[in-house]
Amino acid sequence: MSWSWLQKIDSAFASWQLKRCHNINDLRRAARLRMPSPMFHYMDGASEDEVTLKRSCGSFDDYELLPRYLTDVSEIDPSTTILGEPIDFPVLCSPTGMSRLFHHDGELAVSKAAARANTVYNLSTMGTYSIEDVAAECDGLKWFQIYVFKDRGLVTEFIERCRAAEYHAMCLTIDITAFGNRERDLRTGMTIPPKFSLAGWFDFALHPLWSLNYLANPPFSLSNVAHRVSGGSGDAVTTLVQYISGQFDRSVTWEDAAKMVQEWGGPFVMKGVMTVHDALKAVEIGASAIMVSTHGGRQLDHTPAPIDVLPEIVAAVGNKIEVILDGGIRRGTDVLKALALGANAVSIGRGYLFGLGAAGEAGVDRALALLKEEIIRDMAILGCRTIDEINADYVRRRP
């Protein structure tokens with residue numbers, strides 16, 4: 001059987017699967033079925049005992065929505081603005097590294113789906129397609145996620161490239177002073193360099209379409225920094241990851257972040273804020289928005305769920321800065337709770353990655369469409385016609 005026929009079979013099976021996916025957790029199960037185990041667990045896992053990951057999702061259950069009936073909800077408008085730009089619904093796509101591990105189209109698939117949905121795509125420094133590649137394929141709103149590296153020249157290079165490629169905002173991740181202890185990856189062999197067991201290699205054989213797609217497409221690379229490293233093709237990825245790892249600077253302070261805000265000179269987001277202290281520091285240095293985030297639970301375990309610290313952060317910053325909630329979003333009702341507690345929007349990572357792993361670009365389309373449909377339906381039942389109408393009157397913490 002030719003490779004083209006295998007691709008047609010794969011596409012048909014993915015389409016059949018998507019029709020059976022009615023929520024984000026269905027997409028997670030579909031991704032688990034289609035992806036080799038090491039890749040799925042790299043996507044799905046978090047640090048140490050994964051307490052923060054469980055809290056991030058489960059803590060939404062601690063909040064109750066308070067609907068108001070006999071309101072004219074014949075027309076529902078889920079659109080809003082973020083950093084001055086209109087979007088069709090308040091769900092952004094968070095930066096996620098090395099997305100080609102989950103599907104060969106990786107960041108290109110996600111960025112194009114986000115543009116079709118008229119929302120924001122946030123490209124990771126650790127992306128497998130470059131700043132320029134994504135800009136060429138995606139005509140929607142684009143942010144770039146960056147770190148303060150030891151080589152400040154690399155930071156300046158990224159800023160200049162993003163400016164040339166017309167990215168709308170810069171997003172600084174502040175919660176990586178060291179990599180979290182991601183024990184699932186140690187067990188599956190998703191380390192640098194990879195150390196797959198015999199069972200791991202067998203699992204790749206059980207997912208031949210993923211494996212063939214990986215081999216049939218251009219070699220995997222961290223495209224934004226590939227030009228900075230020379231090396232043979234055999235261990236090029238390992239060399240690139242080690243290069244990036246060596247660039248993380250534990251001496252970074254708020255002064256460094258302030259300099260980056262000034263150097264970019266445009267909309268600037270601080271990602272990883274989890275305390276009132278850091279939120280106020282972000283306001284002080286002139287950031288445009290903060291992203292309340294635990295890095296998907298992949299860094300420090302046993303931190304609070306983002307939804308639980310959101311109200312105190314919103315109360316502290318007031319209208320001085322926009323607030324985005326990142327972490328644990330699986331349902332439209334999760335989005336409404338975050339908005340009612342003061343967030344301007346939410347951002348999802350695994351939510352769209354499950355769709356990417358399940359069916360590539362079509363899977364991301366499905367993930368975003370499902371959340372938008374749920375938001376519209378739930379707004380109608382809640383009694384809110386627009387995003388601006390959703391406020392603290394519509395939510396309470398369970399006794």
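**Helix 3 and beyond**

A: Helix 3 (residues 37-44) is mostly covered, with eight of its eight residues buried. Buried means under 20% relative accessible area, exposed means over 50%, and partly exposed is in between (1.4 Å probe, protein chains only). Helices (H or I, at least four residues) and strands (E, at least two) are DSSP runs, numbered from the N terminus.

Q: Before going on, what kind of model is this?
A: This is a predicted model, where local features need pLDDT of at least 70, side-chain atom pairs count only at pLDDT 80 or more, and totals for chains, interfaces and linings use all residues. Residues are numbered from 1 along each chain as its sequence is written, and side-chain values use heavy atoms, with hydrogens and water left out.

Q: OK, which residues of helix 3 are buried?
A: Ser37, Pro38, Met39, Phe40, His41, Tyr42, Met43 and Asp44.

Q: And what do they pack against?
A: The buried residues of helix 3 pack against helix 2 (24-34), helix 4 (51-58), helix 8 (183-188), helix 9 (198-205), helix 10 and helix 16. Contact here means heavy atoms within 4.5 Å.

Q: How about helix 5, how many of its residues are buried?
A: Eight of the eleven residues of helix 5 (residues 106-116) are buried, so it is largely enclosed by the rest of the structure. The buried set is Gly106, Glu107, Leu108, Ala109, Val110, Ser111, Ala113 and Ala114. These buried residues pack against strand 4 (91-93), strand 5 (121-123), helix 6 (131-137) and helix 16.

Q: What follows helix 5?
A: Asn118, whose phi is positive, near 55 degrees.

Q: Where else does a non-glycine have a positive phi?
A: Glu166 is one, at about 65 degrees, and His302 also has a positive phi of about 65 degrees. For background, most residues other than glycine have a negative phi.

Q: Where do those two sit, buried or exposed?
A: Glu166 is in the loop between helix 7 (152-164) and strand 7 (169-173), and counts as exposed because its relative accessibility is 67%. His302 lies in the loop between strand 9 (289-293) and helix 14 (306-317), and is partly exposed, with a relative accessible area of 47%.

Q: Changing topic: what's in the largest nonpolar core?
A: It has 115 residues, of which Met270, Leu310 and Leu325 touch the most other members. Helix 16 (residues 350-382) gives the most to this core, with 14 residues. A nonpolar core is a set of buried Ala, Val, Leu, Ile, Met, Phe, Trp, Tyr and Cys residues joined through side-chain atoms within 4.5 Å.

Q: What does Met270 touch?
A: Not counting residues up to four places away in sequence, Met270 touches Leu172, Ile174, Trp254, Ala257, Ala282, Ile285, Ala287, Ala289, Ile290 and Met291. There's also a second, separate core of 14 residues, which includes Ile82, Ile87, Ala169 and Ala345.

Q: Where's Val273, and is it buried or exposed?
A: Val273 is in strand 8 (residues 268-273) and counts as buried, at 0% relative accessibility. Leaving out residues up to four places away in sequence, Val273 touches Ile174, Asp278, Ala279, Ile290, Met291, Val292, Ser293 and Ile313.

Q: And Leu222, where does that one lie?
A: In the loop between helix 10 (208-216) and helix 11 (236-247). Leu222 counts as buried, at 1% relative accessibility.

Q: What does Leu222 touch?
A: Setting aside residues up to four places away in sequence, Leu222 touches Met98, Met126, Gly127, Thr128, Leu240, Val241 and Ile244.

Q: Zooming out, how many helices and strands are there?
A: The protein has 16 helices and twelve strands. Of its 399 residues, 56% count as buried. The C-alpha trace spans about 60 × 50 × 40 Å along its principal axes.
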